[in-house]
Amino acid sequence: MQSAEKDEFIYHECLIHPPLLCHPNPKTLFIMGGGEGSAAREALKHVSIEEVVMCDIDKEVVDFCKKHLTENHEAFSSEKLKLVINDAKVELQNRKGKFDIIVGDLADPVEGGPCYQLYTKSFYEKIIKPKLNKNGIFVTQAGPAGIFSHKEVFSSIYNTIKQVFKYVIPYTAHVPSFADTWGWVMASDEPFSVDAKEIDRRIEKRIDGNLLYLNGAAFLSLATLNKVVLTSLVKETHVYTEEDARFIHGHGVAYRH
């Protein structure tokens, strides 16, 4: 399951709006993945945004979503959206410019899959961080984050990002179509402003359109982790590398506790 029209707004609002609302004045954004267009749709609600670069490796998926996902037709036709079909790692390496926000809207790290290298310390350190402007924020989806699933990759991705950035916020929300709680990690070298009233004020001032899921109080709630998950994150020592990667279990493989 990658996305469902019924509840994708939960995942995409949680992915996009926290970093944009925490940034003082976001203008440029790079999305790694995001082929269905929903992450771009949410980003383009912010009136300050001047350019969204969406880089997905799978043209067939992008073309299918452009045709069939009516909710995202406006985003795909926006002059602010620059759609690139390429490997996100290669595209970022070759780009000369920097971005205010970089988003990892990637597939989960699956053994043998195309994305696990985009969760490594070297990638965050050598490619992501140098491509961020001052005050820049990086955010990535970070896999299942439920009581029984958070140790698969969520705790490792959090700990890996913590080795690269000074300020790191993990947060979670339940996504019904994923049949689990899901995790995201947001990071920067500048401290975050996450006051609920200030976030609500920024939503009112900066966003043209409605948010169905997030407000200031909701975001603070998402970033308040239960004791089981928080303890695991604090104790996690694994750092994600190409030589020592963790993977989401594939179809037909039971959870191993």
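Let's start with the cysteines: the count of disulfides (pairs of cysteine sulfur atoms within 2.5 Å) comes to zero here. A disulfide is a covalent bond between the sulfur atoms of two cysteines. Cysteine 14 is in no disulfide, and the nearest cysteine sulfur, that of cysteine 22, sits 13 Å away. Cysteine 55 is also in no disulfide, with the sulfur of cysteine 115 as the nearest one, 11 Å away. Are these two cysteines buried or exposed? Buried means under 20% relative accessible area, exposed means over 50%, and partly exposed is in between (1.4 Å probe, protein chains only). Cysteine 14 is buried at 0%, and cysteine 55 is buried at 1%.

Keep in mind that this is a predicted model: local features need pLDDT of at least 70, side-chain atom pairs count only at pLDDT 80 or more, and totals for chains, interfaces and linings use all residues. Residues are numbered from 1 along each chain as its sequence is written, and side-chain values use heavy atoms, with hydrogens and water left out.

Rolling a probe the size of a water molecule over the atoms shows where empty space is left. On a 1 Å grid over the protein atoms alone, a cavity is a set of points where a 1.4 Å probe fits but cannot get out, while a pocket is an open set with protein on both sides within 12 Å along at least five of seven lines; lining residues have an atom within 4 Å of a point. Grid points are joined across faces, edges and corners, and a volume is the space filled by probe spheres set on the points. There are two cavities of 30 Å³ or more.

In the table, Ala, Val, Leu, Ile, Met, Phe, Trp, Tyr, Cys and Pro count as nonpolar, Asp, Glu, Lys and Arg as charged, and the others, Gly among them, as polar.

| Space | Volume | Lining residues by class |
|---|---|---|
| Largest cavity | about 40 Å³ | six nonpolar, two polar, no charged |
| Second largest cavity | about 30 Å³ | four nonpolar, four polar, two charged |
| Second largest pocket | about 580 Å³ | seven nonpolar, seven polar, eleven charged |

Helices (H or I, at least four residues) and strands (E, at least two) are DSSP runs, numbered from the N terminus. Around the largest cavity you'll find His17, Pro18, Leu21, Ile199, Ile203, Leu214, Asn215 and Phe219. Helix H1 (8-22) and helix H8 (196-206) are the elements giving two or more residues to that lining, and H1 gives the most, with three. H1 turns up again at the second largest cavity, where three residues from H1 make the largest share of the lining. Residues lining that second cavity include Gln2, Tyr11, His12 and Phe178.

The second largest pocket has 25 lining residues, and the closest to its centre are Arg41, Glu42, Lys45, Glu71 and Glu74. H1, helix H2 (38-43) and helix H4 (73-76) each give two or more residues to this lining.

Finally, a look at the UniProt record, whose positions are given in the numbering used here, with shortened feature names and annotations that may be inferred rather than shown by experiment. The unreviewed entry lists Asp105 as "active site". Aspartate 105 is in strand S4 (residues 99-105) and counts as buried, at 12% relative accessibility. Which residues is aspartate 105 in contact with (heavy atoms within 4.5 Å), leaving aside neighbours within four places in sequence? They are Tyr11, His12, Leu15, Ile31, Met32, Gly33, Gly34 and Ala39.

Conventions. Contact means heavy atoms within 4.5 Å.
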